[in-house]
Each structure stands twice: as structure tokens, then as C-alpha cells.
Amino acid sequence: AVQVAAQDAPSKFQNPILSGYHPDPSICRVGDDYYLVNSTFVWFPGLPIYHSKDLVNWQLIGHAIDRPEMVDFSGLPDKLGLFAPTIRYHDGMFYIINTCVACGMNFYVTASDPAGPWSDPVWLPDAPGIDPSLFWDDNGKCYYTGMQGVEDEEWPTQTEAYNQELDLEQQQLVGKRHNLTYGHANNASYTEGPHLYKINGQYLLMVSEGGTGMYHALTVHHSDSVNGPYIADYINPVLTHRHMGEDYPLHAIGHGDLVQTQNDEWWCVMLGKRRIERETILGRETFLARVEFEGQTPVFNPGHGKVLMEQKRPDLPWSPLALIPVRDNFEGDKLDLKWCTIRTPHEPFYTVSGGQLKVQLRPEVMDSLVNSSILVQRILHHQFEAKTQMRFKASKGHEQAGLTVYRTNQNHYKLLKDNDSLVLIKSFKGRASEIARVPYSNDEVVLHVAGSGLDVQFSYGETEDDLHPVGGTQSLRVIADGNGNQFNGPGVGVYATSNGKLSKLMVAFDWFDYKGMD
Ligand code: 6LW
């Protein structure tokens with residue numbers, strides 16, 4: 001962190017605290033340090049760990065899932081894989097508990113250093129449902145709090161939050177399972193993301209209700225006993241934007257986790273969706289709100305009753321981070337932590353050396369539910385530019401490499417170079433169409449994309465100072481929430497493929513720029 005004199009620290013902070021694809025945040029504090037984790041579905045590495053000293057400036061320090069042997073996303077659509085995680089610290093050890101949906105279900109990993117390495121997953125085959133959380137009671141017992149569906153034909157969206165003791169020695173759930181709540185604030189639909197806390201001597205159960213869209217909400221429930229009965233708070237939902245109307249630019253507020261600072265303030269991290277013309281481009285992002293307890297009731301942003309885009313910052317030492325440079329020059333022998341591939345890479349397909357990223361062309365294509373030669377980073381801004389300088393000499397038409405704006409295997413853009421041309425392809429709901437093709441035979445090319453609100457424009461050139469638009473203005477609705485995946489978020493990066501045939505070719509990238517404006 002950069003040193004800032006106390007008098008130079010800002011009095012306010014801006015939301016979101018983690019922009020772009022950062023859903024389902026969970027947080028814990030250890031001394032003066034805060035750690036946060038998000039869900040990542042089929043991105044690999046998965047479950048990014050962020051560190052902060054002030055709850056506002058967050059640095060990516062590692063991933064809980066970063067070895068291909070840990071989980072297998074092969075064949076999974078982009079909305080499955082790693083759902084909402086919980087991070088907790090107990091007795092010298094960090095725990096992340098999570099669900100790999102359609103890839104093994106509930107598991108936890110542990111680490112003494114949250115930057116890693118994390119342990120191999122400990123699978124909990126007896127735990128039904130998703131969204132597990134952990135809670136240690138004063139007597140040292142560890143409780144698993146999860147959510148599961150309820151078999152009810154007339155009420156198919158009803159779910160329940162439940163509790164069961166987790167024996168960490170035996171690494172399995174023991175004893176009886178207890179229903180904690182079915183929820184209530186949205187006709188008891190999709191009660192999920194439960195977290196249990198003990199605050200002022202009472203148990204507090206916070207859950208999300210209404211599903212991760214317009215009707216999302218946080219509700220709290222109180223009990224004198226860990227297994228309930230839990231009584232719903234009078235002021236539920238304690239936080240929601242469901243009543244703000246469809247045109248309010250911030251909606252889907254829910255899925256929160258509470259943290260108490262060393263200075264005795266309470267804050268909550270939660271997910272929300274920013275909208276442009278009722279559409280969400282950047283996916284679910286992480287927001288921060290103040291919480292003050294009135295008796296046992298948590299009041300969110302007292303006097304406002306909603307998530308604020310700007311508010312007084314936590315009473316913590318301001319700890320801004322060094323600015324992330326626009327240009328990644330691929331120095332060293334590893335990719336920066338921000339780079340991810342899609343689905344588990346079972347074989348290495350790239351190298352970083354001599355200031356270049358070299359990517360192997362493989363037969364796999366990003367349109368299939370496999371790991372292709374794709375590397376992306378999150379799009380963090382509504383106004384952004386990405387640019388890369390590529391060296392690539394294809395000898396055959398099926399050998400392609402270039403730039404991609406990716407949301408799912410079915411919804412993405414790619415600007416690719418082959419043996420004699422550059423082609424811009426749009427894939428929308430699984431249908432690929434060629435938008436533009438221009439002759440191009442140089443080995444070296446700069447590829448560029450600029451996003452602005454709902455619009456996106458691709459361009460190319462022999463140098464970065466001489467760029468020509470290709471394909472006209474296109475729509476980012478292609479990668480928006482409304483058109484496919486409401487769970488993950490968008491990425492921008494590089495891609496190479498030999499389209500089903502074998503190839504020995506590698507493509508080299510000299511640098512990659514990501515610049516966010518707004
Ligand atoms: C997550 C569930 C939800 O596990 O969506 O926002 C699921 N709510 O709690 C995927 O993010």
C-alpha cells in the first residue's frame with residue numbers, strides 16, 4: 001500500500017468497491033487486515049482473494065482454486081461451477097467453503113496464508129444445496145449453514161436455510177440438520193446466501209431472498225439458540241433496491257456478509273448490478289454499506305435505506321494501492337494474477353518469457369464447453385479500452401488468433417487474424433456471424449476494442465497510432481446479463497485456435513493494455 005498522510009486521505013469512498021465481475025462477496029477480518037472472496041463459476045483460477053486495510057482499496061493477492069487438480073469444470077456451461085463462497089478465519093487458519101455446482105458440490109479449503117497455497121478440497125458429500133457458510137460458536141463448535149431446495153410442486157422457488165454441525169477433525173457433517181428459515185420477505189422465494197453471526201450475545205442469521213435479480217433482498221433473523229427457532233426481524237428486508245423501480249441505475253442488491261472493524265464499526269459487503277437502459281454489462285459487482293445496530297437490528301445506511309454510490313468511508317487508515325499500469329508487458333515468467341482462462345486447463349497452453357506471452361493454438365474453440373486457448377481479464381469499467389500487439393503467421397485459414405470480448409461460450413465477440421485476413425465475429429445465443437472481413441497479411445498487428453456504455457467498437461492497425469475501425473459500432477447487449485448469463489461477468493483478452501485441427505503454431509503477444517475511464 002502507498003503511504004498517505006492522514007490529512008490527505010479522502011473523507012468519502014465510491015461504490016462499487018470492486019467493479020466488474022465480483023459477485024457473491026464474503027469477507028472476514030483478522031486484526032487490522034480484511035480479506036474478501038467472490039464467486040467465479042468456470043473461470044480459472046477461481047475464487048480470487050482480495051486484501052484491504054481500509055475496506056475500500058482492495059488488492060488481488062491470490063486464488064483459492066489455482067491448481068487444475070482441485071476442481072474440474074469440463075463440459076460445464078458458464079453459469080455453473082463455483083457458486084457463492086464464504087471466507088472465515090478461525091484459530092490461525094483461513095477457511096473458504098464453497099459449492100462446485102455440477103462438479104462435486106460442497107467443499108472447503110484451508111490456508112494459513114490467504115494468498116495461498118490453499119489445501120486440496122475437502123468434499124462434504126452429505127451437505128445438500130449451495131451457498132455454504134461457516135460459523136464457530138463460543139464453545140468451539142463449527143456450524144455449516146447452507147441452503148437447499150424444498151420439494152413443493154406448488155412452490156418451486158421455495159428454499160430453506162439450514163444448519164448442521166461440521167466436525168473438522170472427521171471432516172464431515174455430524175448430528176441433526178436444523179431448518180433455520182424458509183425466508184418470508186419475497187413470498188419465501190430463493191432464500192440463499194445464509195451467514196450466521198453471534199452479535200451482542202444473540203445469534204443473527206442473515207440471508208438473501210428473492211433471487212439474484214430485481215427482487216433481491218437481505219433479511220435478518222434472531223435466535224437465542226444456534227439451531228433456532230429464528231424470529232424474523234420487524235424491519236425486514238433490512239436492505240433491498242426492489243422498490244426503487246426498474247429505471248433505478250443500481251439494482252439486485254443482496255447477498256451480503258457483515259464485518260466488524262477493529263474500531264467497532266459494522267460494514268456489509270454485498271452484490272449489486274449497475275444498469276444502463278435497464279441492461280447490465282459488467283455483471284454483479286461488490287458494494288459496501290454502513291451498518292449500525294439499533295438493539296439487535298442492523299440498520300443499513302441509516303437515514304438512506306439504500307446502497308449509496310458515495311458515502312463517508314470507514315474509520316480505518318486510508319491505504320490506497322499503487323496504480324495498476326495500463327500496459328502489461330508480460331515481464332517475468334508468470335502471468336499477472338488478473339489473467340484467467342475459461343474452464344479447467346488440463347494441459348499448459350501458454351508461456352511467459354522474454355517479455356512475450358506465447359499462446360499455443362489448439363483444436364478447441366471457445367464456443368464449446370471445454371478449455372480453449374483463451375486468457376481474459378475482467379472488464380471493470382463502462383468506458384474501457386483494450387489493445388494488444390500480436391505477432392502471428394498463420395499458414396492455413398483455420399489457424400486464428402486475436403482479441404476477444406467474452407461472456408459465455410455462446411455470447412462473445414472475437415477479432416481474429418488468419419493467414420490472409422482479419423475477421424470480426426459475433427456469437428449471440430450460440431449463433432456465430434461474420435460481421436466484417438478485411439484483407440491483412442502482415443505478421444504483426446495491433447488489435448483494439450473500445451467499450452462505451454452499451455456500444456463497442458473494434459479496430460486494427462499495423463501500429464497502435466494508426467488504427468482503422470472494423471465492423472462499425474456493435475452492441476454490448478451481446479454480452480449483457482439480459483441475454484444469457486446472469487451469474488458471471490464479462491472479460492477481455494486474447495484467444496488462439498486451430499478450429500478442430502491440430503496445429504503446432506504459437507502466437508506471440510508483446511503487450512496487452514487495459515484502460516478504464518469510467
Ligand atoms: C449464488 C446464490 C445467488 O450461489 O446466485 O445471488 C448464486 N445469489 O446465492 C450464484 O451466484
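Which residues are the closest to the ligand? In this predicted model, local features need pLDDT of at least 70 and side-chain atom pairs count only at pLDDT 80 or more, while totals for chains, interfaces and linings use all residues. Residues are numbered from 1 along each chain as its sequence is written.

The ligand is surrounded by 13 residues, and the closest are Phe 83, Ala 84, Glu 192, Gly 193 and Thr 212; a residue is near a molecule or strand if its C-beta atom, placed from the backbone, lies within 6 Å of it. Strands here are DSSP runs of E with at least two residues, helices are runs of H or I with at least four, and both are numbered from the N terminus. Sorted by class, the shell has five nonpolar, five polar and three charged residues. For this sorting, Ala, Val, Leu, Ile, Met, Phe, Trp, Tyr, Cys and Pro count as nonpolar, Asp, Glu, Lys and Arg as charged, and the others, Gly among them, as polar.

Strand β12 (residues 130–136) also runs antiparallel to β13 (residues 142–149), with five bridges joining them; strands pair if DSSP finds at least two bridges between them. Phe 135 has Tyr 143 in β13 as its bridge partner.

Zooming out, the chain is assigned domain 1 (6–312) and domain 2 (327–516), with bounds that come from an automatic or database domain assignment. Their centres, taken over C-alpha atoms, are 32 Å apart. Across the interface, 32 residues of domain 1 are in contact with 32 residues of domain 2, contact meaning C-beta atoms, placed from the backbone, within 7 Å. On the domain 1 side, β4 (43–44) and β6 (59–65) each supply at least two residues. That side has 16 nonpolar, nine polar and seven charged residues.

Met 366, in the loop between β29 (356–360) and β30 (373–378), counts as buried because it has 23 C-beta neighbours inside 10 Å. The cut-offs are 20 or more other C-beta atoms within 10 Å for buried and 12 or fewer for exposed, with partly exposed in between; C-beta atoms are placed from the backbone. Beyond four places in sequence, the contacts of Met 366 include Ile 342, Tyr 406 and Tyr 495. Gly 484 lies in the loop between β38 (468–475) and β39 (491–497) and is buried too, because 22 C-beta neighbours fall inside 10 Å. Among its contacts beyond four places in sequence are Arg 407, Asn 411 and Lys 429.

Cis peptide bonds join Asn 15 to Pro 16, with omega about -5°, and Gly 116 to Pro 117, with omega about 0°. Asp 91, not a glycine, has a positive phi of about 55°; this residue lies in the loop between β8 (86–90) and β9 (93–101) and counts as exposed, because it has 7 C-beta neighbours inside 10 Å.

Key:
Contact = placed C-beta atoms within 7 Å.
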